[in-house]
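Biologist: I've got the sequence and the fold up on my screen. Can you walk me through it, question by question?

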Amino acid sequence: SASLNLPPDLVYSAVPVSDLADAVPEAIRSQSQSQLLRVPIIPTLSEAMIAVFEQGQTLGNRADVITKVGDSLAASEQYISIFAGPEYTLGPYDYLEETLNFYAASTADESAAARVGLTSYVVFDPFWADDDLCEAGETPLQCELRRKQPSIAFVLFGPNDVRVMDTDDFRGQINQLIDETLAAGVIPVLMTFSAHPEETFFWQSINFNLELVALAEERQVPLINLWAAAQPLP
């Protein structure tokens, strides 16, 4: 960029974006991976989730507050929490600046439901709740929803779960998480997760991701296909 003379009226979001050849589902030999690649990276919000948001407002949830629920990937300061910083370059996503500013302040505080080692099992276990943040008997998820009263929760589980449970158990845990967030008037945004092809649990990861996709469709909750977005990366 230091070698480019850019006109001041250049708007990156106006530059056309072409499809990557690597993102063609037909080029993938694995049927399960091809199926996963066909899932849109960015979801469309369903009417059911708009109703959940409106219900949450009647329960006292805050429209401009989002939070995160998940393992060490979610707990990282580089994930969502960085939105609170004053310095950013949106590039082709400059149209999202108003949205970023709307939610930014809510991302500065740590999440009681995102920490190293967390799985979709223990997010419901009071033993894992932070004593400094949570009340006696609260689970990490209950604690976070009470503390922040968010309107949206970004859910990222999987890399730890593949090591301790099977597909049916994972589906049951995510289903329970969807139940609890919806009951609180909070929209759960599910996320698929990436895995290295040489990882021992790679194919289990694919199966878990397909379960996340199926649950999102069944429950009409939004899903971000992080797995597909990560495919062109080294």
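Biologist: Which element gives the largest share of the lining of the largest pocket?

Modeller: First, a caution: this is a predicted model, where local features need pLDDT of at least 70 and side-chain atom pairs count only at pLDDT 80 or more, while totals for chains, interfaces and linings use all residues. Residues are numbered from 1 along each chain as its sequence is written, and side-chain values use heavy atoms, leaving out hydrogens and water. On a 1 Å grid over the protein atoms alone, a pocket is an open set of points with protein on both sides within 12 Å along at least five of seven lines, a cavity is a set where a 1.4 Å probe fits but cannot get out, and lining residues have an atom within 4 Å of a point. Helices (H or I, at least four residues) and strands (E, at least two) are DSSP runs numbered from the N terminus, and the largest share of that lining, 4 residues, comes from α4.

Biologist: And how do the lining residues of that pocket divide by class?

Modeller: The largest pocket has 35 lining residues, with Ile42, Phe83, Leu96, Phe154 and Ile224 nearest its centre. Ala, Val, Leu, Ile, Met, Phe, Trp, Tyr, Cys and Pro count as nonpolar, Asp, Glu, Lys and Arg as charged, and the others, Gly among them, as polar. On that basis the lining splits into 29 nonpolar, 5 polar and 1 charged.

Biologist: What is the order of the strands in the sheet?

Modeller: In general, strands of a sheet pair through backbone hydrogen bonds, either parallel or antiparallel. Here, two strands pair if DSSP finds at least two bridges between them, and 2 bridges join β3 to β4. The edge strands, each pairing on one side only, are β1 and β4. The sheet is open, with parallel pairing, and its order is β1-β2-β3-β4.

Biologist: Which residue of β4 is the bridge partner of Met191?

Modeller: β3 and β4 run parallel, and β4 covers 223-224. The β4 residue bridged to Met191 is Ile224.

Biologist: Why is the disulfide of Cys134 and Cys143 called left-handed?

Modeller: A disulfide is a pair of cysteine sulfur atoms within 2.5 Å, and these two sulfurs are 2.1 Å apart. The handedness follows from the torsion about the S-S bond, so the disulfide is left-handed at about -90°.

Biologist: Is Cys143 buried or exposed?

Modeller: Buried means under 20% relative accessible area, exposed over 50%, and partly exposed in between (1.4 Å probe, protein chains only). Cys143 belongs to helix α5, residues 140-148, and what covers the buried residues of α5 includes β1 and α6. Its relative accessibility is 0%, so Cys143 counts as buried.

Biologist: What does Ala84 touch, leaving out residues up to four places away in sequence?

Modeller: Ala84 sits in the loop between α3 and α4, and at 35% relative accessibility it counts as partly exposed. Its C-alpha atom is 5.2 Å from that of Ala108, 24 residues apart along the chain. Contact means heavy atoms within 4.5 Å, and the residues touched are Ala104, Thr107 and Ala108.

Biologist: Last one: which strand gives the most to the lining of the largest cavity?

Modeller: The residues lining that cavity include Ile66, Thr67, Lys68 and Lys148. By class, the lining has 2 nonpolar, 4 polar and 3 charged residues. The top contributor, with 3 residues, is β1.
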